[in-house]
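Have the sequence and the model open side by side. The walk below goes helix by helix.

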Amino acid sequence: MTQELKHLGDAELEIMQAVWRAGEPVQSSYIQQALRSRRDWPLPAVLTALNRLVEKGFLTCERRGRGNRYAPAVSEEAYREFESRGFLQRLYGNSFPALVAALYRGRAIGREELSDLRRFLDELEREEEK
């Protein structure tokens, strides 16, 4: 994708997560049903949000019969990487240790997660040495 990604609002992110989970192009009625437990949106509101995501370059829209089918134009992994970089830069000045320290001090992670992180980092270093 050549265009720069943009931040998604909460509702847009929920829609994208539903599309990513589906693993195939979906209709607006699928999105409406997938969001029903969190957002009881009328179909016109869902269609407006889907059109906005198409305009932003996050979804593609293909006409099929009497309806449209929406598919991701941006992978979930690409969006997570984009948001992670922005989050780390904005809140922690690109300091990963500062992020981990804040999570640990805030009790969001514990010793077990730190051990998992240490193993993961060691594994990454071994892979890069190959």
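Helices here are DSSP runs of H or I with at least four residues, strands are runs of E with at least two, and both are numbered from the N terminus. By that count, Arg126 lies in helix 6, residues 111-129. This is a predicted model, in which local features need pLDDT of at least 70, side-chain atom pairs count only at pLDDT 80 or more, and totals for chains, interfaces and linings use all residues. Residues are numbered from 1 along each chain as its sequence is written, and side-chain values use heavy atoms, with hydrogens and water left out.

Stay with Arg126. Buried means under 20% relative accessible area, exposed means over 50%, and partly exposed is in between (1.4 Å probe, protein chains only). Arg126 has 47% relative accessibility, so it counts as partly exposed. Arg126 and Ser37 are 89 residues apart in sequence. In space, their C-alpha atoms are 44 Å apart.

Now go to helix 1. The expected span of a helix is 1.5 Å times one less than its number of residues. Buried residues in helix 1 are Glu12, Glu14, Ile15, Met16, Ala18, Val19 and Trp20. Contact means heavy atoms within 4.5 Å. The cover over these buried residues includes helix 2, helix 3, strand 1, strand 2 and helix 4. Gly23 follows helix 1, with a positive phi near 75 degrees.

Helix 3 covers residues 43-55. Its 13 residues reach 18 Å from first C-alpha to last, close to the 18 Å expected. Which residues of helix 3 are buried? They are Val46, Ala49, Leu50 and Leu53. Seen down the helix 3 axis, the buried residues fall within an arc of 100 degrees, so they line one face of the helix. The arc is taken from the directions from the helix axis to the C-beta atoms. On the other side of helix 3, Pro44 and Glu55 are exposed. Helix 1, helix 2, strand 1 and strand 2 are among what covers the buried residues of helix 3. Just after helix 3, Gly57 has a positive phi of about 90 degrees.

Finish with helix 4 (residues 76-92) and helix 5 (residues 96-105), which pack at about 80 degrees with axes 10 Å apart. Axes are lines fitted to C-alpha atoms, for helices over the stretch in contact, and angles run from 0 to 180 degrees between N-to-C directions. The angle makes helix 4 roughly perpendicular to helix 5, a label for 65 to 115 degrees. Phe87, Leu88 and Tyr92 of helix 4 meet Phe96, Ala98, Leu99 and Ala102 of helix 5.

Terms used: Parallel < 35°, antiparallel > 145°, perpendicular 65-115°, else oblique.
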